[in-house]
Amino acid sequence: MNEIAMQQEQSLLLLLAEKNQPDKIFQAVDRILKDSVGHKLLTMLYVDGGEVARVYSNDEKSYPVFGRKPMGATPWGDLVLKNQQPFLGKDRDSIIWAFFDHELIFSLGLGSAINIPVIYNGETIGTINLLDAEYAYDEADVEKAKALAPFLIPAFLEARRAK
């Protein structure tokens, strides 16, 4: 781990003790992901039974906070929520495969995605969702985003408790 990543992790750990959570941790993770991976859209969803609920969005007009989506059985849901594996969608075809709202995604100039499961006690409790232009992401970006998921565990647990 490089020195910058260690400093970021230390600042996130210290930030967890501050008031005004979970907004502070969501915003800090947003800034770190913007700098380290890049994104035009970042949302975070918590899992609530058969649905997911949005608890953070950097574009509330298109993807409002606390928007809910039913999560029936889908290949994406099996991969990310059930099997707890990241999704890397590099192009428009992969976006179509993964997301029913792909037309809205494309209308925002987006064509690639990374989805990272946030896992606690063996259960997927949320996801980090980054979107950008087509071919913006690779496996190294997935690993950078994945490293931040544990810092969001308290925030997702709080969101579920507060529902």
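## Close-ups of a predicted model

**Figure 1. Meet the largest nonpolar core.** This core has 33 residues, and the ones that touch the most other members are Leu33, Met44, Ile114, Ile128 and Leu130. The model is a predicted one. Helix 2 supplies the largest share, six residues.

**Figure 2. Zooming in on Leu33.** Which residues is Leu33 in contact with, once its neighbours within four places in sequence are left aside? They are Gly38, His39, Leu42, Ile128, Leu130, Ala145 and Leu148. Two of these, Ile128 and Leu130, are also among the core members that touch the most others.

**Figure 3. Inside the largest pocket.** Its volume comes to about 310 Å³. There are 21 residues lining this pocket, and Lys69, Ala98, Phe99, Phe100 and Asp101 are the closest to its centre. Strand 1 (41–48), strand 2 (51–57), strand 3 (68–70), helix 4 (92–98) and strand 6 (123–132) each give two or more residues to the lining. Sort the lining by class and you get 14 nonpolar, four polar and three charged residues.

Figure 4. Helix 1 (3–15) and helix 2 (23–36) are the elements giving two or more residues to the lining. Which element gives the most? Helix 1 does, with four residues. By class, the lining has six nonpolar, three polar and two charged residues.

**Figure 5. Stepping back to the whole chain.** Count up the elements and you find seven helices and six strands, running α-α-β-β-β-α-β-α-α-β-β-α-α from the N terminus. The C-alpha atoms fill a box of roughly 40 × 35 × 30 Å along the principal axes. The protein's radius of gyration is 15 Å, which agrees with the value near 15 Å for a compact globule of 163 residues. As for burial, 45% of the 163 residues count as buried. Among contacts between residues at least 6 apart in sequence, 53% join residues at least 24 apart.

Notes:
Residues numbered from 1 in each chain as written. Predicted model: local features only at pLDDT ≥ 70, side-chain atom pairs only at ≥ 80, totals over all residues. Heavy atoms only, no water. 1 Å grid on protein atoms, 1.4 Å probe; cavity = no way out; pocket = protein on both sides within 12 Å on 5 of 7 lines; lining within 4 Å. Points joined across faces, edges and corners; volume = space filled by probe spheres on them. Nonpolar A, V, L, I, M, F, W, Y, C, P; charged D, E, K, R; others polar. Core = buried A, V, L, I, M, F, W, Y, C linked by side-chain atoms within 4.5 Å. Buried < 20%, exposed > 50% of the residue type's maximum accessible area, 1.4 Å probe, protein only. Contact = heavy atoms within 4.5 Å. Rg over C-alpha atoms; globule rule 2.2 N^0.38 Å.
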